[in-house]
Amino acid sequence: MMSCLRAVNVRKLYHAGRPDETCALDQVSVTIDAGEVVVLAGPSGSGKTTLLSLLGCMARPTSGEVFLGERSVGRLQEHFLARLRREHFGFVFQQYQLLGGLSVLDNVMLPLYPAGMALSKIRLRAEELLDRFELRDKKHKTIAQLSGGEQQRVAISRALIADPKVLIADEPTAHLDQELAGRLLAHLAELKAEGKTILIASHDPSVINAGLIDRQVLLRHGQLETGER
Ligand code: ADP
């Protein structure tokens with residue numbers, strides 16, 4: 001199968017050369033195939049978010065290589081990375097990072113504005129997603145008027161607006177009760193069936209053991225324990 005994302009011997013230092021230097025990842029290699037659903041597991045502080053950020057072109061490794069398909073992306077300048085992020089990835093952040101004062105609809109439409117597509121088209125696509133994620137009657141509310149679960153579904157709708165190949169979610173069940181976590185997993189399973197590649201960081205057993213997960217990559221102290229290839 002085609003490799004979609006690949007990290008080769010990546011190392012990530014924060015505050016390099018300073019007394020508080022932290023090695024968040026140490027010589028980690030991992031390959032994610034197109035269409036796979038992979039969970040990055042491991043205790044808090046083990047490097048999950050850092051590895052997500054490298055594979056998702058949100059940050060660059062201190063050393064080592066990151067590939068998006070066949071393309072080496074680990075040394076690209078920020079504006080190139082930003083473009084790759086827009087074209088290839090949808091992100092669902094742990095704190096959702098929605099714009100609280102704006103409407104649900106605006107939040108979902110926003111990522112497509114730089115693409116120069118007609119607003120009417122963007123709006124149609126946003127409304128389809130809001131229907132799909134049971135938010136049809138919330139579209140004119142502001143984010144601040146929504147529950148946590150609803151905010152997360154807005155965040156997922158926003159992540160999908162540009163129809164990315166890869167969906168990246170950081171601790172997606174952290175703020176959900178069991179029932180909402182189950183609904184989230186059902187939505188992710190649907191996206192998997194549609195062929196999305198999904199990369200999730202989580203230490204929640206209900207995610208790690210979910211039926212849709214193809215493979216677990218276990219991190220500990222910035223190094224891989226199992227699941228590596
Ligand atoms: P996880 O997602 O598994 O909790 P992280 O990737 O967030 O792990 O963190 C790995 C290590 O890197 C931790 O020791 C953390 O404190 C450190 N770290 C993460 N982000 C930063 C940062 N921006 N600046 C300094 N240290 C960081």
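1. Throughout this note, "buried" stands for under 20% relative accessible area, "exposed" for over 50%, and "partly exposed" for what lies in between (1.4 Å probe, protein chains only). By that scale R132, with 27% relative accessibility, is partly exposed.

2. A word on what we're looking at. The model is predicted, with residues numbered from 1 along each chain as its sequence is written; local features need pLDDT of at least 70 and side-chain atom pairs pLDDT 80 or more, while totals for chains, interfaces and linings use all residues. Side-chain values rest on heavy atoms, with hydrogens and water left out.

3. Seven of the eight residues in α1 are buried, which leaves the helix mostly covered.

4. Just past the helix, C57 has a positive phi of about 60°. M58 sits in the loop that runs from α1 to β4 (63-68) and is partly exposed, at 29% relative accessible area.

5. Most residues other than glycine have a negative phi. H15 has a positive phi, near 55°; this residue is in the loop joining β1 (3-14) to β2 (22-33) and is partly exposed, at 40% relative accessible area. D163 has a positive phi near 50°, and its loop lies between α5 (148-160) and β7 (166-170).

6. Now the salt bridges (a side-chain nitrogen of Lys or Arg within 4 Å of a carboxyl oxygen of Asp or Glu). The count comes to 16. One of them joins the side chains of R18 and D20, at 3.7 Å from N to O. Both partners are partly exposed: D20 has 36% relative accessibility, and R18 has a relative accessible area of 48%.

7. E190 is partly exposed, at 38% relative accessible area. Then there is R183 with E134, at 3.0 Å, N to O. That pair links distant parts of the chain, 49 residues apart, with R183 in helix α6 and E134 in the loop between α4 and α5. R183 has 31% relative accessible area and is partly exposed, as is E134 at 40%.

8. There is also a salt-bridge network to trace, which links R123, E127 and K139.

9. On to the inside. How many cavities of 30 Å³ or more are there? There is one (a cavity being a set of points on a 1 Å grid over the protein atoms alone where a 1.4 Å probe fits but cannot get out; points are joined across faces, edges and corners, and the volume is the space filled by probe spheres set on them). The largest cavity holds about 60 Å³. Its lining (residues with an atom within 4 Å of a point) consists of G149, Q152, R153, I156, L176, L180, R183, L184 and H187. Helices α5 and α6 (178-193) are the elements that give two or more residues to that lining.

10. By class, the lining has four nonpolar, three polar and two charged residues (Ala, Val, Leu, Ile, Met, Phe, Trp, Tyr, Cys and Pro count as nonpolar, Asp, Glu, Lys and Arg as charged, the others, Gly among them, as polar). R183, on the lining list, is also the partner of E134 in the 3.0 Å salt bridge.

11. Last, the surface. L99, L102, L110, Y113 and L119 make up a nonpolar patch with about 410 Å² of accessible area together (patch residues have over 30% relative accessible area and no salt bridge, with nonpolar side chains, namely Val, Leu, Ile, Met, Phe, Trp and Tyr, joined within 5 Å; areas are by Shrake-Rupley with a 1.4 Å probe, and only the protein chains shown count as cover). Y113 belongs to the loop between α3 (104-109) and α4 (119-132) and is partly exposed, at 35% relative accessible area.

Terms used: Helices (H or I, at least four residues) and strands (E, at least two) are DSSP runs, numbered from the N terminus. On a 1 Å grid over the protein atoms alone, a cavity is a set of points where a 1.4 Å probe fits but cannot get out, and a pocket is an open set with protein on both sides within 12 Å along at least five of seven lines; lining residues have an atom within 4 Å of a point. Patches are made of residues with over 30% relative accessible area and no salt bridge: like charges are joined within 9 Å, nonpolar side chains (Val, Leu, Ile, Met, Phe, Trp, Tyr) within 5 Å.
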